[in-house]
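The stops below are given in the order in which to select them.

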Amino acid sequence: MGEETTTITRSKAITLINDSIENFFTHYDSYCCENRDAISEDEKKLHEELCDVIYILRNDDDYKNDLKIMSLEHLTQFLYMCKEMVENNDLLAKTFYPKGDIVIVEDCNTNPELIEKSLKILEQHGDAQIKSAIKDYHNGERKILFSKMPETQNGRTECKNESYVNYLSEELNHDSPENKVRIAVTLAHEFRRNANSNTLTGETRGIILEDTKIIESFANAYGEGIYKKFPEYGILHYIKKIFGETELKEFADYAFDSTGSYWKVNEAGDLIDDGKISRVADSKGSELYSGTKGLQGTLQEWLGMENAYAALMQPAGFEWDGKQWSKNPGKIDYSVIEKAHNDGHLTDDQYNLIQLAAGKSASDDKSEKINLFKQFFSDYKQANIIKTQVQVDIANRAWEWLQIQRKKIFGKNVKYSNDVVKAPETNQGTICLKQQPLEKKYGYPYTAPFFGSLCLATSIINLYILNEGLTEENVENFMNDAKGKFIASDGNVISFEKMSKKLSELSGTSQYFDYIYYNPETKTYSVNKKAMTKDDFIKSDYDYGIGAYIHLYDDPEDPDINIAHYELIKRNPFIEYNPGISDYKLYEIYPVKKYNRG
């Protein structure tokens with residue numbers, strides 16, 4: 001580098017950018033205040049736009065995250081734009097910039113001892129390409145560094161001067177047996193990459209197939225529990241295991257060629273109780289599932305059913321005296337399981353899961369394989385392990401691919417809330433909006449079935465469409481101005497009250513809807529909004545409420561339950577406006593009422 005080149009870190013560059021924008025806003029805000037009566041309409045508009053920019057800079061976590069993961073090339077361009085802005089306006093922030101050219105590098109550090117331990121693990125399982133990358137690292141031709149990354153990312157790869165730099169999240173920079181395996185698996189993936197991407201966009205089709213092989217090698221050494229540590233690889237493994245190698249390649253083609261925005265066990269079949277814990281075992285004695293909630297509880301968790309005692313255990317001869325199992329035959333015979341299925345006490349998904357546990361190959365009937373994979377998929381969702389962006393991408397691509405397989409068999413699509421439809425039971429045939437079209441039209445991330453986006457915002461808008469006659473034009477005007485002000489870039493509503501007031505204004509009414517925080521019995525206000533059961537809501541005087549939904553497999557008594565979806569609900573007649581895909585159930589309702597806007 002020349003004498004006039006200065007190297008700064010990503011953190012320093014982000015600080016310079018934000019300080020420059022703040023400095024320019026202060027300068028321009030002062031100018032507009034001092035010349036309030038003389039400024040033009042264009043200057044007023046610029047001031048309003050700057051206010052929006054400053055709000056995003058100070059409050060929007062997505063903006064902050066974007067700067068953390070933005071490519072160094074684009075970050076440098078952004079920095080130079082800000083530098084030019086403060087220099088052209090002779091602002092104080094110009095003195096903070098170094099002279100000459102600026103080169104930005106990552107905020108990074110390394111831990112050679114930890115990396116070496118992880119590489120030794122990886123070398124035992126890696127193929128020629130991985131071993132070559134490890135050799136490059138030992139020869140100094142490849143760097144492995146820890147760097148700040150968002151929670152949704154574990155690794156990143158860049159090519160600098162024809163040599164690779166593999167970045168690992170600094171959250172992985174600690175020495176533990178499990179973490180060393182996590183680093184090894186992450187590096188196995190990163191060593192195959194040449195794209196500066198934290199999603200699967202830009203990856204090659206071969207990576208998905210090679211990743212399946214490497215994770216299977218790790219599973220042979222560490223057990224199948226590793227598939228829940230790395231669900232993105234677990235999904236690949238189970239597609240191969242349930243559907244076959246050909247279908248895995250088919251999925252790989254779909255995942256990388258799709259124009260969508262998402263990446264998409266005892267031979268007799270007995271269920272065995274070993275007297276210590278409740279488990280499911282195959283004919284070789286291999287444990288497939290174990291739990292801590294006793295015989296009945298664990299069986300219910302594994303199969304995702306509500307009453308395993310009535311459906312399976314009691315017919316098999318188990319008896320409970322209120323304190324203990326007074327009769328325990330030790331197993332549930334396959335004949336009992338088959339009868340339960342034939343009588344409708346076991347779903348196809350649950351029966352097929354036991355079939356696989358029995359060591360019986362999945363039926364050639366592809367619909368059974370699909371049901372089996374759906375059950376596995378539900379297990380993953382229930383475990384709440386789909387977290388990083390790559391995991392979200394591959395889970396959603398896998399879900400989409402599964403729907404395509406269903407369509408081939410049944411000739412119809414799964415029911416998604418992805419159209420605009422007429423709301424039922426409305427005299428005027430009022431048009432109700434659905435979530436996904438809004439997300440696509442206004443650039444919000446649709447990541448169902450794992451995470452929602454505009455479900456609550458859509459419900460609030462529909463409330464005003466149904467009750468206040470909010471027009472399509474007003475909806476469009478609101479949405480064009482909503483991001484960062486009323487709705488965060490991830491689709492979450494920033495403030496129900498503020499959004500509702502704005503929609504009230506656009507509807508031309510002096511009142512707005514909001515949750516209820518006042519308790520008339522105690523005559524006090526609470527920080528928590530009023531929540532009601534469906535029966536209590538129907539008996540109440542409230543006209544509308546926001547329904548909170550959970551997945552079918554979720555336990556409503558779980559104190560840490562997560563709300564998966566929101567929809568508008570009308571009390572009389574009771575209508576749930578488009579409650580989404582079929583694996584949701586109503587958990588509770590938050591009534592709303594009108595307040596004077598003032």
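## The nonpolar cores

Start with Leu119, Leu122, Ile144, Leu187, Phe191, Phe218 and Ile226, which have the most contacts inside the largest nonpolar core, a set of 42 residues. A nonpolar core here is a set of buried Ala, Val, Leu, Ile, Met, Phe, Trp, Tyr and Cys residues joined through side-chain atoms within 4.5 Å. Buried means under 20% relative accessible area, exposed means over 50%, and partly exposed lies in between, with a 1.4 Å probe and protein chains only.

Center on Phe218. Not counting residues up to four places away in sequence, Phe218 touches Ile121, Leu122, His125, Val181, Ala184, Val185, Gly223 and Ile226; contact means heavy atoms within 4.5 Å. Apart from this core lies another, of 36 residues, including Ala457, Ile487, Phe513 and Ile575. In soluble globular proteins, nonpolar side chains tend to be buried together.

This is a predicted model, in which local features need pLDDT of at least 70 and side-chain atom pairs count only at pLDDT 80 or more, while totals for chains, interfaces and linings use all residues. Residues are numbered from 1 along each chain as its sequence is written, and side-chain values use heavy atoms, with hydrogens and water left out.

## The whole chain

Zoom out and color by secondary structure. The protein has 22 helices and 21 strands, taken as DSSP runs (helices H or I, at least four residues; strands E, at least two) and numbered from the N terminus. Of its 598 residues, 48% are buried.

## The five-stranded sheet

Select β15, β21, β18, β19 and β20. In that order, these five strands form an open sheet with antiparallel pairing; two strands pair if DSSP finds at least two bridges between them.

Axes are lines fitted to C-alpha atoms, for helices over the stretch in contact, and angles run from 0 to 180 degrees between N-to-C directions. Next, show helix α21 (residues 496-507), which lies across β15, β18 and β21 and runs at about 155 degrees to β15.

Inside the sheet, eight bridges join β18 (residues 544-551) to β21 (residues 584-596). Pick Gly547 to see one of the pairs: its bridge partner in β21 is Ile589.

Now move to Lys570 in strand β19. Is this lysine buried or exposed? Lys570 is buried, with a relative accessible area of 18%. Leaving out residues up to four places away in sequence, Lys570 touches Phe537, Asp543, Tyr544, Ile575 and Tyr577. In the loop between β19 and β20, find Pro573; a cis peptide bond joins Asn572 to Pro573, with omega about -5 degrees.

## Strands β1 and β2

Select residues 5-9 and 101-105. Five bridges join β1 to β2, and the two strands run parallel. Thr9 stands opposite Val105.

Asp90 is in the loop between α4 (72-88) and β2. Its phi is near 50 degrees, a positive value in a residue other than glycine, and Asp90 is exposed at 55% relative accessible area.

Go to Arg182 in helix α7 (residues 177-190). Arg182 is buried, at 19%, and its contacts beyond four places in sequence are Asn154, Leu172, Lys229 and Phe230.

Then select Gly484, in the loop between α20 (472-480) and α21. Gly484 is buried at 7% and, leaving aside neighbours within four places in sequence, is in contact with Tyr55, Ile56 and Ile494.

## The cysteines

Last, show the cysteine sulfurs. How many disulfides does a search of the whole structure find? The search finds zero, a disulfide being a pair of cysteine sulfur atoms within 2.5 Å. For Cys33, the nearest cysteine sulfur is that of Cys32, 7.0 Å away. The sulfur of Cys51 is 8.6 Å from its closest cysteine sulfur, in Cys32, which is too far for a bond.
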